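Subject: Model for your files

Hello,

Here is the structure I said I would pass on.

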Amino acid sequence: MPNPQTLDWLARLISFDTTSRNSNLPLIEAVEEFLTAEGIFFERVENTEEKKASLITTLGPRDVPGIVLSGHTDTVPVDGQEWTSDPFTVTERDGKLYGRGTCDMKGFLAVCLGMVAEMKAQPLKKPIHFAISYDEEVGCVGVRPLIEHMVATGYKPEACIVGEPTSMQVVVGHKGKKSYATVITGAGGHSSRAPELVNAVEAGGRLVAKVADLSDRLAAEGRRDDLYDIPHSTAHVGTFHGGTALNIVPELATIDWEVRALPEDDVEALTGEIIAYATDTLEPVMKAKAPHTGIEFKLKSAFPGLSTSPDAPVAVLAKHFAGRNDHAKVAYGTEAGLFVEMAGIPTVVCGPGSIVQAHQPDEYLEKNQLDACEAFIRRVIAYCAA
């Protein structure tokens with residue numbers, strides 16, 4: 001059974017509605033109050049404009065390399081989802097703990113906070129850091145200034161564990177992502193004059209087809225890594241809106257699209273193909289009819305992939321902590337690649353719960369996953385005390 005402190009922390013963390021559109025400060029303040037009472041060093045990295053903050057804490061010595069345990073506080077919305085219990089109250093049924101964020105990923109944070117007493121009871125020779133961030137769900141936003149702060153203030157950890165849900169399997173690779181919101185401005189008017197006008201939906205359709213062509217090419221000819229469930233890079237259109245009535249040539253269309261790339265593929269080059277097609281092929285035709293028309297791309301989110309060797313010291317160490325020798329790669333993204341890219345910290349992903357339950361109505365975390373995560377953290381503590 002998970003220790004009572006872990007379960008108490010899970011209930012507290014879930015009670016805060018930290019959907020990415022909301023401030024996470026009430027949750028952060030609760031954690032800070034606890035850390036202060038325990039005499040644990042922490043630093044807040046705040047975004048005052050957004051009323052959000054990240055924390056970096058240290059248990060043990062601060063002048064030697066140690067282990068970072070990283071997790072985010074934000075969750076996806078519950079809007080439009082049918083829940084059978086209050087999503088902001090942990091409800092136990094049949095060994096499963098239901099609530100928004102139990103799996104993704106407040107369960108991991110609850111274990112870390114719930115095991116502080118065990119960490120303090122050991123003479124740590126290497127530090128254990130908690131890196132607690134915000135707005136991961138909308139593009140790994142909060143962890144970036146947190147990592148910048150760590151670099152600027154001299155943190156030099158030997159390894160980082162990102163506790164996203166992997167069913168406690170060590171994940172050594174994930175895809176990178178780049179996504180865009182695209183606005184197409186045409187020249188509208190009566191549909192009887194369509195040849196003289198610029199149809200934004202038709203231009204958008206050609207852009208959507210180009211994304212689909214890229215997706216087909218990546219599936220048929222692209223680089224492959226069979227450790228991934230989807231073994232190649234992918235391109236995808238999520239939304240396409242435009243037009244008001246059949247007899248009106250639409251002057252506006254919007255498209256949201258993305259590329260998820262294997263770490264070995266160049267996501268910048270792949271998204272650049274789509275942007276170049278719009279700029280070099282579609283826009284000149286549009287502007288020839290109406291100079292004010294055009295296609296605008298706004299970056300929605302971007303994060304690098306993760307590619308850690310299964311034989312790297314961080315991977316071997318994480319497998320020891322997990323008590324298993326296997327490893328995996330996943331199609332979803334995390335902040336792990338940023339710890340590597342921005343700070344040079346060797347990183348893997350390993351945390352309680354299954355990604356299958358993440359973002360779903362009646363999201364849940366099995367209690368035995370908390371048990372497994374506690375066993376993992378106990379091995380981290382033993383390693384840092386050895």
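The notes below go from the whole chain to single residues.

This is a predicted model, in which local features need pLDDT of at least 70 and side-chain atom pairs count only at pLDDT 80 or more, while totals for chains, interfaces and linings use all residues. Residues are numbered from 1 along each chain as its sequence is written, and side-chain values use heavy atoms, with hydrogens and water left out.

Whole chain

The chain contains 10 helices and 18 strands (DSSP runs numbered from the N terminus: H or I of at least four residues for helices, E of at least two for strands). Along the principal axes, the C-alpha atoms fill a box of roughly 80 × 45 × 40 Å.

Of the 386 residues, 52% are buried (buried is under 20% relative accessible area, exposed over 50%, partly exposed in between, with a 1.4 Å probe and protein chains only). Among contacts with a separation of 6 or more, 80% are between residues 24 or more positions apart (contact is heavy atoms within 4.5 Å).

Backbone points to check

Asp 104 and Met 105 are joined by a cis peptide bond, with omega about -10°. Met 105 is part of helix α3, residues 102-114.

Lys 51 sits in the loop between β1 (41-47) and β2 (52-59), and is exposed because its relative accessible area is 56%. Asp 362 is in the loop between β17 (347-349) and β18 (364-366); at 18% relative accessibility, Asp 362 counts as buried.

Asn 22

Asn 22 lies in the loop between α1 (4-15) and α2 (25-37), and counts as partly exposed because its relative accessibility is 25%. Beyond its neighbours within four places in sequence, Asn 22 is in contact with Asp 17 and Lys 52. The Asn 22 side chain reaches the backbone oxygen of Asp 17 at 3.3 Å. Glu 50 is 28 residues from Asn 22 along the chain, and their C-alpha atoms are separated by 8.7 Å.

Regards

Note on methods: A polar contact is a pair of N or O atoms within 3.5 Å; within protein, one must be able to donate a hydrogen and the other to accept it, and residues adjacent in sequence count only if both atoms are side-chain atoms.
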